[in-house]
Structures are given as structure tokens and as C-alpha cells.
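Subject: Structure handover

Hello,

Here is the structure I promised to pass on. Please open it first; my notes follow below.

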Amino acid sequence: MRRFVKFPHMWRVCLKEIPGANACTYRVALYLLDRASFSRRVVVSTKAMQKQGVGRKGKRRALKQFEQKGLISVEWHPKKSPVATVRFAKGNTTAG
């Protein structure tokens, strides 16, 4: 069974503007958008990212880049997985 992930236009525009965006960046984006279809708050564990082919450093870099672009807000916790709140529109934290 194939699954499709909605990829909001705002995300496409912002990802093009991220300098040095690579496969890891897009894999993290797809993971966040897929998970956000269930809940806007997404726990981004290193184990889940490793299944996507993304290491700790790639995960952290992508989350920081998305946060700077306003695509997500992140709750950083020492020695715990960060929790990202996904935004689907600038200045808006709701899906739709």
C-alpha cells in the first residue's frame, strides 16, 4: 500500500531557500509532514530518523533550519527527543 504525504506550497518555497538543503533535509521534512497528519506535535527521535536514513547531526540541522524558516517550532529537551510543532501556513499553527 502506498501512502501519499501532503507537501504544502509554503514548505516547497522555504525548502528551496535553505542553503545546503540535502536529502536529509527533505527526509526530515517528509517525516514531519507525514506525522503531522495525525498530530501537529511530532516527537523526532533519533531512532525514527535513523530508519529514514538521517543521523543525529542531520536531524538537528534540519530542525534548526525549519525552525528558522518558521515551518516548525521546536521544544528542545536535554537528553530527550525534540518535539516539533508543524506549521502549515506562515504565522499559523493549524492544519488547513
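Setting aside neighbours within four places in sequence, Lys-59 is in contact with Val-28, Val-44, Ser-45, Thr-46, Met-49, Val-54 and Pro-82. Lys-59 sits in helix 4. Keep in mind that this is a predicted model.

Which side chain of opposite charge is nearest to Lys-59, and how far away is it? The nearest is Glu-67, at 13 Å. Lys-59 is buried and has no salt bridge. What Lys-59 does have is a polar contact of 3.0 Å with Thr-46, side chain to side chain.

One of the contacts of Lys-59 is Val-54. Val-54 belongs to the loop between helix 3 and helix 4. Its relative accessible area is 2%, so Val-54 is buried. Beyond four places in sequence, Val-54 touches Cys-24, Arg-27, Val-28, Met-49 and Lys-59. The C-alpha atoms of Val-54 and Ala-23 are 8.7 Å apart, although 31 residues separate the two along the chain.

**The overall layout**

The protein chain has four helices and three strands. Their order along the sequence is α-α-β-α-α-β-β. Of the 96 residues in the chain, 38% are buried. Take the contacts with a separation of 6 or more: 55% of them come from residues 24 or more positions apart.

**Helix 2**

Helix 2 covers residues 23-35, which is 13 residues. From first C-alpha to last, helix 2 reaches 18 Å, close to the 18 Å expected at 1.5 Å a residue. Asn-22 caps the N-terminal end of helix 2. There, a side-chain oxygen of Asn-22 lies 3.0 Å from the backbone nitrogen of Cys-24.

The buried residues of helix 2 are Cys-24, Thr-25, Val-28, Ala-29, Tyr-31, Leu-32, Leu-33 and Asp-34. What do they pack against? Among the helices, the partners are helix 1 (9-17), helix 3 (46-51) and helix 4 (56-69). Among the strands, they are strand 1 (41-43), strand 2 (72-75) and strand 3 (83-86).

Asp-34 deserves a separate look. It lies in helix 2. Is Asp-34 buried or exposed? Its relative accessibility is 19%, and the cut-off for buried is under 20%, so Asp-34 counts as buried. Not counting residues up to four places away in sequence, Asp-34 touches Arg-3 and Val-5.

**Gln-65**

Gln-65 also lies in helix 4. At 14% relative accessibility, Gln-65 counts as buried. Neighbours within four places aside, Gln-65 is in contact with Ile-18, Pro-19 and Thr-25. Thr-25 is one of the buried residues of helix 2. Gln-65 and Leu-15 are 50 residues apart in sequence, with 9.0 Å between their C-alpha atoms.

**Salt bridges**

Side chains of opposite charge can pair when their charged atoms come close. How many salt bridges does a search of the whole structure find? Two.

One joins Glu-17 and Lys-69, with the closest N and O atoms 3.1 Å apart. Glu-17 lies in helix 1 and Lys-69 in helix 4, so the pair ties together parts that are 52 residues apart in sequence. Glu-17 is partly exposed, with a relative accessible area of 47%. Lys-69 is partly exposed too, at 23% relative accessibility.

Arg-41 and Glu-75 form the other, with the closest N and O atoms 2.4 Å apart. Arg-41 is in strand 1 and Glu-75 in strand 2, so this pair links parts that are 34 residues apart in sequence. Both count as partly exposed: Arg-41 at 45% relative accessibility, Glu-75 at 32%.

**Strand 2**

Strand 2 has two faces. Ile-72 and Val-74 make up the covered face, while Ser-73 and Glu-75 make up the uncovered one. Strand 2 and strand 3 run antiparallel, joined by four bridges. Glu-75 stands opposite Val-83 in strand 3.

Best wishes

Definitions and conventions. Residues numbered from 1 in each chain as written. Predicted model: local features only at pLDDT ≥ 70, side-chain atom pairs only at ≥ 80, totals over all residues. Heavy atoms only, no water. Expected span 1.5 Å × (residues − 1). Buried < 20%, exposed > 50% of the residue type's maximum accessible area, 1.4 Å probe, protein only. Contact = heavy atoms within 4.5 Å. Polar contact = N/O pair within 3.5 Å; in protein donor to acceptor, adjacent residues only side chain to side chain. Lys, Arg positive; Asp, Glu negative; His and termini not counted. Salt bridge = Lys/Arg side-chain N within 4 Å of Asp/Glu carboxyl O. Pairing = 2+ DSSP bridges.
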